[in-house]
Amino acid sequence: MTCLELKSVSYRYGGARDLVLDGISASFEMGKVYAITGESGSGKSTLLSLMSGLDICGSGDILYMGKSLRDIDRDAYRAKSAGVVFQSFNLLLNSTALYNVTLSMGISGIPLDSNGKKMAAQALLEKVGVNSATASRKVLKLSGGEQQRVGIARALSHNPDVVIADEPTGNLDAETESAILKIFADVAHGDGKCVILVTHSESVTAMADEVFSLCDGKLAYGEAKREDEFGL
Amino acid sequence: MYAIFNAMKNLVRNLGRNILLASVTLAVIICVSAALAIGNTSEKMIEDTRLQIGSKVSISLDLMATHEQGQGPDNLASIGIEDYLSYGESDYLDKSVFSVQIPMYSSTVFAVDDETKGQKEWQNQDGSVAKAPTLMLVGNSDAETLSEFASGEREILPGGKMPEELNECAISSDLAELNNISVGDPISIQGQSQSAPNYELIVSGIYSDKTAAYASPMYQFQGLVHLGQRNQVIATYDAVMSKGYETDEGIDFQSQYYLKDPRELDKFEAEVRSKGLPRDYSVSINQEELDKVTGPLAGMRGASSTFMAVILSLGGLALALISYLAVKERKYEIGALRAMGMEKAMISLCLLSESVAITIVCLALGLFAGRAVSQPIADSLLAGQVSASQAQSAGGGGKILMANGKTQTSGVNSYTPISEIEVALNAGTMVQIAVLALALALLSGMVGIVSIAKYEPLKILRERG
């Protein structure tokens with residue numbers, strides 16, 4: 001079943017002449033892991049912002065379950081349907097790791113009481129490699145890798161239909177990266193969710209069911225090639 | 001619910017900033033509490049005094065009006081004592097008080113400060129020569145309204161009593177000592193002219209007198225000893241009028257009417273007009289007295305209102321500024337929350353909840369502290385207002401001796417401005433303070449809400465990136 005569909009999506013930043021994304025079309029199915037690769041500045045993060053409903057494309061459309069993101073409540077979409085892992089994590093720095101995850105559950109309206117949320121959040125954090133001691137520390141005092149794992153746990157906390165992650169393993173060691181990728185694979189293949197990973201990592205592309213590459217605002221099916229291989 | 005919970009957690013998370021906000025809020029609430037408590041208490045005291053003094057009605061010749069109409073002294077309408085008495089028979093009145101003063105002379109009772117020992121003479125208006133008055137016979141129909149006795153400035157000494165019978169009188173201890181008079185002794189006083197009635201009175205009481213010896217030092221300088229406070233012979237109104245005065249010729253007759261309800265002044269005036277009171281006479285409450293008595297309070301009320309307005313303006317501005325800066329500082333946090341899907345309304349609720357929570361804590365502390373500081377502030381303010389009032393009235397008061405020998409109060413010497421206030425922080429005032437405090441909280445919260453309305457999460461997060 002198609003979860004997200006890009007229809008001739010174009011985008012340019014205010015005042016800029018060139019398009020960052022130029023007529024992109026693609027479909028993302030439930031139960032699959034997708035990898036989007038591309039050089040720095042190729043528009044990967046912009047595409048992620050559009051798919052996560054943080055921004056609206058200039059032309060074309062993005063459909064979630066057949067409905068345009070323009071027409072639905074994008075706050076509710078982010079809170080309940082999409083789990084986003086940001087490249088810069090975007091966690092609440094003065095709060096604990098645990099609170100970041102439980103707050104996300106609260107925003108999404110998960111029907112659990114305070115203790116239930118804490119237990120679920122703790123279990124999720126353990127799953128991504130954050131133990132209870134680390135979970136009770138302020139995010140500000142965690143390492144980059146730990147913050148990334150908290151970001152992943154937060155994105156998964158409300159059991160979203162689509163998980164969109166920007167370089168989710170960029171700060172992780174190989175062992176943790178492998179564990180995290182297994183989690184994403186389980187989420188897609190086991191729980192039937194759609195996982196879209198924006199990445200540079202070969203191990204990520206290796207485990208993805210389908211790979212897109214983004215270059216000069218165009219999305220191509222298949223693994224990213226060097227610029228000269230695109231015939232540019 | 002999670003939004004409120006998040007707001008409460010934020011109070012502790014952003015402790016430094018919230019302490020700053022709380023400090024400003026607390027300072028504003030304390031100042032507003034004190035100002036409102038003082039203002040409201042002053043207002044109530046002014047209203048109570050207005051009800052008291054405002055019930056006291058005088059009927060007097062309206063000199064301004066007659067002057068404007070170009071009426072000379074000979075054309076003025078006059079009313080007799082009987083008329084004054086008939087005006088007192090009204091259902092609108094609680095009581096009527098009549099008083100009379102007659103300059104007298106005595107060959108056996110020497111007046112205080114009279115160095116001539118009763119030998120001074122003066123020429124009457126008709127050209128006849130008579131002994132100058134040395135004493136003042138005072139009659140009052142209601143002893144309770146003798147203000148000097150009511151205020152405690154005069155006090156009947158043990159063994160004596162206020163005059164009650166037609167042949168009784170009370171004199172000052174100075175006059176009694178000078179003439180070696182004791183309670184029970186008879187005294188004889190005469191009118192100025194040969195035909196004026198004489199009074200044979202028994203001293204029923206001797207009083208101590210702490211009032212000023214003269215309403216104006218000029219009286220003593222001019223040798224008008226009968227205007228000296230120590231030279232008054234106090235009798236009952238009936239005793240003085242028992243000699244058959246029908247007009248106020250040669251005597252100073254005063255009437256004072258006390259309304260049951262000060263709001264019925266117009267009705268009372270209509271009634272006395274229907275009884276024949278000429279238009280040359282006005283029926284009025286003693287606005288001057290009311291203003292003088294309540295003046296310091298009115299000044300204090302004005303000062304507290306101004307102070308409160310300044311504090312609310314400056315405090316509101318400071319809170320708005322701090323809130324604006326706080327929200328700017330929290331932009332990333334707001335961006336992260338928005339990225340997580342928290343709606344703007346929920347974030348607004350969080351900010352508002354934080355403001356209200358801080359305000360509630362400050363309100364509790366502020367009411368307590370405001371109550372504590374309001375009394376000393378009020379005492380200090382009132383003392384300043386009383387001093388200003390006294391300085392303003394100094395030199396302008398006293399009694400004027402009229403051409404016909406009457407006296408007329410021209411100043412405020414008989415009035416005592418309110419000089420003490422007990423500041424109360426009652427329920428009504430507390431509600432007002434709470435409303436103002438919550439308004440401040442809303443203002444503070446609204447600044448944040450308006451600020452975040454402009455924020456788009458992606459823009460915030462990009463800026464941070």
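Q: Is B:Ile4 buried, partly exposed or exposed, and what relative accessibility decides this?
A: In this predicted model, B:Ile4 has a relative accessibility of 31%. Buried would require under 20% and exposed over 50%. B:Ile4 therefore counts as partly exposed, at 31%.

Q: Which residues form a nonpolar patch on the surface with B:Ile4?
A: B:Ile4 sits in helix H1 of chain B, residues 2-13. The patch has about 210 Å² of accessible area over its members together. Besides B:Ile4, its members are B:Met8 and B:Leu349.

Q: How far apart in sequence are the parts that the pair A:Lys32 and A:Glu210 ties together?
A: The closest N and O atoms of A:Lys32 and A:Glu210 are 2.8 Å apart, and the two form a salt bridge. A:Lys32 lies in the loop between strands E2 (21-29) and E3 (33-38) of chain A, whereas A:Glu210 lies in strand E9 (residues 210-215) of chain A, so the parts tied together are apart in sequence by 178 residues.

Q: Which element gives the largest share of the lining of the largest cavity?
A: The largest cavity holds about 130 Å³ of space and is lined by 14 residues. Helices H2 (15-53), H10 (287-329), H12 (344-393) and H13 (427-453) of chain B each give two or more residues to this lining. The largest share, four residues, comes from H12(B).

Q: How many residues in the lining of the largest cavity are charged?
A: Among the lining residues nearest the centre are B:Arg330 and B:Glu354. By class, the lining has five nonpolar and six polar residues, and the number of charged ones is three.

Q: Which residues of chain B line the second largest cavity?
A: This cavity has a volume of about 80 Å³. Its lining includes A:Arg78, A:Phe86 and A:His158, and E6(A) gives the largest share, three residues. From chain B, the lining has B:Ala339 and B:Met340.

Methods:
Residues are numbered from 1 along each chain as its sequence is written. Chains are lettered from A and ligands numbered from 1 in the order in which they are written. This is a predicted model: local features need pLDDT of at least 70, side-chain atom pairs count only at pLDDT 80 or more; totals for chains, interfaces and linings use all residues. Side-chain values use heavy atoms; hydrogens and water are left out. On a 1 Å grid over the protein atoms alone, a cavity is a set of points where a 1.4 Å probe fits but cannot get out, and a pocket is an open set with protein on both sides within 12 Å along at least five of seven lines; lining residues have an atom within 4 Å of a point. Grid points are joined across faces, edges and corners, and a volume is the space filled by probe spheres set on the points. Ala, Val, Leu, Ile, Met, Phe, Trp, Tyr, Cys and Pro count as nonpolar, Asp, Glu, Lys and Arg as charged, and the others, Gly among them, as polar. Patches are made of residues with over 30% relative accessible area and no salt bridge: like charges are joined within 9 Å, nonpolar side chains (Val, Leu, Ile, Met, Phe, Trp, Tyr) within 5 Å. Accessible areas come from the Shrake-Rupley method with a 1.4 Å probe; for residues, only the protein chains shown count as cover. A salt bridge is a side-chain nitrogen of Lys or Arg within 4 Å of a carboxyl oxygen of Asp or Glu. Buried means under 20% relative accessible area, exposed over 50%, partly exposed in between (1.4 Å probe, protein chains only).
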